[in-house]
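Hi,

Here is the model I promised to pass on.

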Amino acid sequence: MHLSLQSTPLHEIAADWLVVGVWEKDTLSESVAQLDAKLGSLIARLREQGDIVGKAKELTPIYQPTGIAAKRLLVVGLGPRDKADFAGVLGAFAVMAKSLSAKACPRLAIALPQGSSLSDEAVVQASVHGLFQGTSTAGLRKSKTERTPPDAITLLASSASGSLHTSLRRAEIEGRAANLTRELVNMPPCDMYPESFAERASTIANQVGLTVRVLDESQLLAERMNALLAVACGSDRPPRLVTLEHRLGGAKPTLALVGKGVTFDSGGLSLKSTEHMIDMKCDMAGAATVLGAMQAIAELKLPVNVIGIMALVENMPSGKAMKLGDVLKTRNGKTIEVLNTDAEGRLILADALAYAVDLKAANIVDLATLTGACLVALGSDVAGLMTNNAGWGAKVLAAGEAVGERAWQLPMFPQYREMIKSDVADMRNTGGSRYAGAISAAKLLEEFVADVPWVHLDIAGPAWAERENATRESGGTGSFVRTLVELARTY
Ligand code: BES
Ligand code: MN
Ligand code: ZN
């Protein structure tokens, strides 16, 4: 997919498809009105007849249009202009890209939507992310691909300024990063396990100029990451902890991004049912999100210091697996009683977060497909946000808001700490009841971040799409890559 920017009049563009947007119950924007003049007012007539309404995500294909150079025309509904936002534009472009990439469309030309309150930069950003989302596929192992992304995409703007070119380059880097995250999450767990993830991370690090460090079992032992090692015990696949460093911020403070990378979560001895286990290759989405974001941050050469920490294990039952009642001594010395081996994410993150603190992180964000309880609380499209620092929490929420990714804050009142009290250890790894399950998990994590401002994003819902919809295929969604990059940019 090669993306470029032009300011050619729409009717002159030779393409397999020319895409233009129309706002709901609104006049045609200037460039579309000019195009429509060449079309003998076809679009205006279709509007009068009620065939084109402009409702969000409405698609009206027009085959063999006359009077313009493009072979086919696609009119995309953008919804009401006064309600236009990042997620809306992204969604409209994703629907369009998903529809067009179902068949071959070598040359695609798209008129960027005009006239909303969004900045040109945001329009480019949202459009390109929609294109990447709509053309990405979960069918990595199909013998014959069912999705064909366009070879060349031309974005048409009223003026192709230098700053718009910069926006395009940035959007392309981020779009590719989100697709990397989607791809990693969609990989089958027979191919995506701690060692193979770490190898992929190393390859990427070398390509984009990140410093990489991979800890194996003996190094993890030397680093006292006993909780992480305990989770890995049941598996034949050895664990890894990958650290990526991006240091272009000079003496500025360091932001740490920490990801849960359970490449398969069977539940361990607290074995999941088939129904609950079926999608558990997605349990490394936090780590995949961190890797995607680190790739983009490096390629964008952002003038900041960011480290990405990915805790990689497979959670399996076996004769060597950790048992219920086991007590683990974590990296920071605190002890955890294991009462459910399926609450494994918080165990590996305990060590990874303590490691981030020891690496002198000034701020931490962790991302984890941590609890089904978060899905119960917020549904599948919204992440749970928990923090020990209101200001830092607000910054992360604002970054998500700016790029159309939704998180909602859940409380961390001190009383919740009682849920994880243990009779035998400093804490236990379950809340003891089904109530406030996302929060009791976060309360355990909080024990490992010392006093560093920290945000926990429970992405169990948004990281993974159980079903396909008009804007994307099912599977890994790549969500929160944009938020992390935005956070690094504004850090
Ligand atoms: N990986 C799961 C959480 C999950 C559930 C992610 C659904 C994505 C979709 C996690 O390791 C887990 O199993 N959590 C348990 C915790 C419980 C045993 C305290 C859960 O949510 O049931
Ligand atoms: Mn689990
Ligand atoms: Zn898990």
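Bear in mind that this is a predicted model. I started with the lining of the second largest pocket, whose residues split into six nonpolar, twelve polar and six charged. The pocket itself has a volume of about 380 Å³. Its lining counts 24 residues, and those closest to the centre are Phe 132, Thr 135, Ser 136, Thr 137 and Asn 179. At least two lining residues come from each of helix H4 (120-135), helix H5 (162-186) and strand E19 (475-476), with H5 giving the most, six residues. Both domain 1 (2-160) and domain 2 (189-489) contribute at least three residues to this lining.

Next, the aromatic side chains. There are three aromatic pairs in the count. One of them is Trp 17 with Tyr 63, edge-to-face at 5.7 Å centre to centre and 65 degrees between the planes. Trp 17 belongs to strand E2 and Tyr 63 to strand E3, so this pair ties together parts 46 residues apart in sequence. Trp 17 is buried at 9% relative accessibility, while Tyr 63, at 53%, is exposed.

Trp 392 and Tyr 491 also pair up: the ring centres are 6.0 Å apart and the planes sit at 70 degrees, so this is edge-to-face too. Here helix H13 (residues 390-402) holds Trp 392 and the segment after helix H15 (481-489) holds Tyr 491, so the parts tied together are 99 residues apart in sequence. Trp 392 is buried at 4% relative accessibility, and Tyr 491 is partly exposed at 21%.

One last thing to look at: Arg 237 has its charged end over the ring of Tyr 193, 3.6 Å from the ring centre.

Cheers

Note on methods: Residues numbered from 1 in each chain as written. Chains lettered and ligands numbered in written order. Predicted model: local features only at pLDDT ≥ 70, side-chain atom pairs only at ≥ 80, totals over all residues. Heavy atoms only, no water. 1 Å grid on protein atoms, 1.4 Å probe; cavity = no way out; pocket = protein on both sides within 12 Å on 5 of 7 lines; lining within 4 Å. Points joined across faces, edges and corners; volume = space filled by probe spheres on them. Helix = DSSP H or I, 4+ residues; strand = E, 2+ residues; numbered from the N terminus. Nonpolar A, V, L, I, M, F, W, Y, C, P; charged D, E, K, R; others polar. Domains from an automatic or database assignment. Phe/Tyr/Trp six-rings, centres within 6.5 Å; stacked < 30°, edge-to-face > 60°. Buried < 20%, exposed > 50% of the residue type's maximum accessible area, 1.4 Å probe, protein only. Lys NZ or Arg CZ within 6 Å of the ring centre and 35° of its normal.
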